[in-house]
Amino acid sequence: MFRRTFWFTAGAAAGVWATTKVNRKLKQLTPESLAAQAANKAVEAGHRLKDFALDVRDNMAEREAQLGDALGLNEPVDPELPAQRRFAVIENAFEAKQAKQPKYLENTQYSIDNRNEDH
């Protein structure tokens with residue numbers, strides 16, 4: 001009699017346990033639950049992607065600073081040239097700019113009315 005009671009109780013407990021497991025799994029497979037799980041995974045992936053982008057940005061800035069130091073780009077530069085040289089550079093630049101400007105009709109032998117329009 002004791003054996004029968006034991007096996008009956010063990011069977012009932014196994015049935016309750018199996019029913020509970022199946023009901024939990026069914027609740028996880030409902031459309032609402034699947035949508036919530038997908039949303040949670042997407043948010044988690046977004047956070048990981050954001051952390052990755054921030055790490056890349058930090059490492060990029062660090063590497064740029066290292067390269068700037070290696071190439072001497074971070075050293076202070078003289079604010080301006082000495083006065084005489086500076087004015088000479090500005091004058092030469094102005095004269096060069098004037099020389100490069102084309103003179104359209106003053107020195108040409110053709111007028112606007114006499115263009116080659118064979119093309």
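Select arginine 48 and glutamate 44 first: being 4 residues apart in helix 2, they are separated by about one helical turn. Helices (H or I, at least four residues) and strands (E, at least two) are DSSP runs, numbered from the N terminus. Show the side chains of the pair: arginine 48 forms a salt bridge with glutamate 44, and the closest N and O atoms are 3.5 Å apart. A salt bridge is defined as a side-chain nitrogen of Lys or Arg within 4 Å of a carboxyl oxygen of Asp or Glu. Side chains of opposite charge can pair when their charged atoms come close. The structure holds 1 salt bridge. Arginine 48 counts as exposed, at 53% relative accessibility, whereas glutamate 44 is partly exposed at 41%. Here buried means under 20% relative accessible area, exposed over 50%, and partly exposed in between (1.4 Å probe, protein chains only).

The model is predicted: local features need pLDDT of at least 70 and side-chain atom pairs count only at pLDDT 80 or more, while totals for chains, interfaces and linings use all residues. Residues are numbered from 1 along each chain as its sequence is written, and side-chain values use heavy atoms, with hydrogens and water left out.

Next, select Leu49, Phe52 and Val56, which form a nonpolar patch on the surface with about 310 Å² of accessible area together. Areas come from the Shrake-Rupley method with a 1.4 Å probe; for residues, only the protein chains shown count as cover. Leucine 49 lies in helix 2 and counts as exposed, at 58% relative accessibility.

Then select Asp51, Asp55, Asp58 and Glu62, a surface patch of negative charge. Aspartate 58 belongs to helix 2 (residues 31-71). Patches consist of residues with over 30% relative accessible area and no salt bridge; like charges are joined within 9 Å, nonpolar side chains (Val, Leu, Ile, Met, Phe, Trp, Tyr) within 5 Å. Asp and Glu count as negative, Lys and Arg as positive; His and the chain ends are not counted. A charge is placed at NZ of Lys, CZ of Arg, CG of Asp or CD of Glu.

Finally, display the whole chain, which has 3 helices and 0 strands. Of its 119 residues, 2% count as buried. Colour by pLDDT, the predictor's confidence in each residue from 0 to 100: helix 3 (residues 83-100) has the lowest mean among the elements (58), and helix 2 the highest (94). Where pLDDT is low, the predicted coordinates should not be read in detail.
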